[in-house]
Amino acid sequence: MIKYHPSTDLLDAFAAGELPTSMAIALSAHVELCQECQVYVAVAEDKLAANAFNDDAVPSEWNEDAEHEMLAAIFADTAANDNKVMTQSEPRSSQITVGDKTYALPRALQRFGTSTWASFGKVQRARLNLDEGATRASFLHIDEGGSVPAHTHKGYELTLLLDGTFEDESGRYVPGDFILLDNRHHHTPQTKEGCLCYTVANAPLYFTKGMSKLLNTVGHAIY
Ligand SMILES: [Zn+2]
């Protein structure tokens, strides 16, 4: 069962169409997999529609807590994204293949189903070309028994688990889990059975245990 969900601030912003494409894709895919958030977004959209006709409507304000800075960073990317129009004629694929494995994709990711993979040992990455400057969105696949060395984040790192499972110091994740981390978080993700994720990061990873060539290689895979 899905245990990790986007914050209500993110869900509200998604309902209002205010997120940059990379993050909107993640929200859309999570909402497709999560009934709880589906209901939340439907209610938020209804409220927005009602408020559109109400002159007294007050714009929602961010919660003033530790999440604020991270959300501000996500929103900083929106400006670069404003005038971009996605062409509807791009090829779509309901599945994505990596090595000898094929995975079903949520609708929001189907226009990226033909992305090209680069391989870094047990980690494979396929970049989505969203043109959002420092913010990079990717599919990340880790073979069974693979892991990512202990690291923290200079910016934010969003991981949406699409298939398989992985675990880190905070728990075990299942498909649909939406994991948003920043420099307050250190972790060492590893997977027994292998997994496919959608990731968004706005800065390179910062490895906390030494800095070897291998770590740099894996770091490039993820950012
Ligand atoms: Zn949810």
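Among contacts in the chain between residues at least 6 apart in sequence, 66% join residues at least 24 apart, a contact being heavy atoms within 4.5 Å. This is a predicted model, in which local features need pLDDT of at least 70 and side-chain atom pairs count only at pLDDT 80 or more, while totals for chains, interfaces and linings use all residues. Residues are numbered from 1 along each chain as its sequence is written, and side-chain values use heavy atoms, with hydrogens and water left out.

The predictor's confidence in each residue is given as pLDDT, from 0 to 100. Its mean over the chain is 85, and 83% of the residues reach 70 or more. Among the elements of the chain, the highest mean, 97, belongs to helix α2 (residues 21-33), and the lowest, 56, to helix α5 (residues 78-81). Where pLDDT is low, the predicted coordinates should not be read in detail.

The chain has six helices and 12 strands; these are DSSP runs numbered from the N terminus, helices being H or I of at least four residues and strands E of at least two. Of the 223 residues in the chain, 47% are buried. Buried means under 20% relative accessible area, exposed over 50%, and partly exposed in between (1.4 Å probe, protein chains only). The accessible surface of the chain is about 11700 Å², and carbon and sulfur atoms account for 50% of that surface; the areas come from the Shrake-Rupley method with a 1.4 Å probe, and for residues only the protein chains shown count as cover.

Because H5 lies in the segment before α1 (8-15) and C37 in helix α3 (residues 35-51), the pair ties together parts that are 32 residues apart in sequence. H5 is partly exposed, at 26% relative accessible area, whereas C37 is buried, at 4%.

Another place to look is Q95, in strand β1 (residues 95-98). Q95 is partly exposed, with 44% relative accessibility. Not counting residues up to four places away in sequence, Q95 touches T102, Y103, A104, L105 and G113. Between the C-alpha atoms of Q95 and F112, which are 17 residues apart along the chain, the separation is 9.5 Å.
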